[in-house]
Amino acid sequence: MSEIIIAGDVADLNQLAAKKFVNIAGEAIDQNRHFTVALSGGSTPKAFLHLLASEPFRKQVNWENTLFFFGDERNVPPDHDESNFKMANEALFAPLGIRAENIYRWETELDDPEMIARGYESKLRKAFAAELPVFDLILLGMGADGHTASLFPGTPGLDETNRLAIANPVARLDTVRLTLTYTVINAAANVAFLAAGAEKAEMLARVIEGEADFHMLPARGVKPTFGHLYWFLDAGAAQRLSSS
């Protein structure tokens, strides 16, 4: 099931996404005693996390029963400015006083990306007590090239079906990124994209309404098997959609 939510601007987008976050968290905790969420990096998610840490939302979630994970990470130390963990820590964890044991980050202080990825995979299985984790919510962004998490066009990670977490070589960036695979993303109960800005309008139309293969536009590979897919867009990002 897919739903497109169009807001007037990025501030309204974050408000709508925060309300959905609160609802999903409340339902998950009522049913399972805890709420599992995978965060993403990027400018729009950063503003969204700041909003969650502010009134009134900070009082609307049982943070003690919320477990935080990351959909992807750059292979940099956790105190590096490009670290998704550092961004989330400054915007959300520290302001809310989130306990360290509730935060499951990629151990990027290790030297070997493959070791980091296998360690995160083990961490996921242990935390969920399952071979295939089913997240209550996975938050995603989308890059100008149609990538999501750290699943980039033409990268080997797009075809990975057995692993949960991988070190994904991105040749055009001359780097290796750490990312969850489609296997985990599409098993989630809820997946939510947050995208804003007119510069993403054409790409979003291609991803949501086009027919390109996910190898060219990885965001098209996000198709929850049994869960809900939400697109939270501002008016600029949605302007090329026929449905807008």
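Visitor: How do you know that helix 1 and helix 2 cross, and at what angle?

Guide: In this predicted model, the axes of helix 1 (residues 10-32) and helix 2 (residues 43-52) come within 9 Å and cross at roughly 60°. Axes are lines fitted to C-alpha atoms, for helices over the stretch in contact, with angles from 0 to 180 degrees between N-to-C directions. Helices (H or I, at least four residues) and strands (E, at least two) are DSSP runs, numbered from the N terminus. Residues are numbered from 1 along each chain as its sequence is written. As this is a predicted model, local features need pLDDT of at least 70 and side-chain atom pairs count only at pLDDT 80 or more, while totals for chains, interfaces and linings use all residues; side-chain values use heavy atoms, leaving out hydrogens and water.

Visitor: Why are helix 1 and helix 2 called oblique to each other?

Guide: Angles under 35 degrees count as roughly parallel, over 145 as roughly antiparallel, 65 to 115 as roughly perpendicular and the rest as oblique. The angle here is roughly 60°, and helix 1 and helix 2 are therefore oblique.

Visitor: Which residues meet where helix 1 touches helix 2?

Guide: Contact means heavy atoms within 4.5 Å. Among the residues of helix 1 that meet helix 2 are Leu 13, Ala 17 and Phe 21, and the helix 2 side includes Ala 47, Phe 48 and Leu 51. By class, this contact has nine nonpolar, three polar and no charged residues. Ala, Val, Leu, Ile, Met, Phe, Trp, Tyr, Cys and Pro count as nonpolar, Asp, Glu, Lys and Arg as charged, and the others, Gly among them, as polar.

Visitor: What makes helix 2 and helix 3 roughly parallel?

Guide: The axes of helix 2 and helix 3 (residues 84-96) come within 8 Å and cross at roughly 30°. That angle makes helix 2 roughly parallel to helix 3. Lys 46, Leu 49, His 50 and Leu 52 of helix 2 make the contact with Met 87, Ala 88, Ala 91 and Leu 92 of helix 3. The classes there are six nonpolar, one polar and one charged.

Visitor: What is the volume of the largest pocket, and which residues are closest to its centre?

Guide: The volume is about 370 Å³. Of the 22 lining residues, Gly 41, Gly 42, Gly 141, Met 142 and His 147 are the closest to the centre. Helix 2 gives the most to this lining, with three residues. By class, the lining has seven nonpolar, ten polar and five charged residues.

Visitor: What makes something a pocket and not a cavity?

Guide: On a 1 Å grid over the protein atoms alone, a cavity is a set of points where a 1.4 Å probe fits but cannot get out, while a pocket is an open set with protein on both sides within 12 Å along at least five of seven lines; lining residues have an atom within 4 Å of a point. Grid points are joined across faces, edges and corners, and a volume is the space filled by probe spheres set on the points.

Visitor: Which helix gives the most to the second largest pocket?

Guide: Helix 1 does, with seven residues. The second largest pocket has a volume of about 180 Å³.
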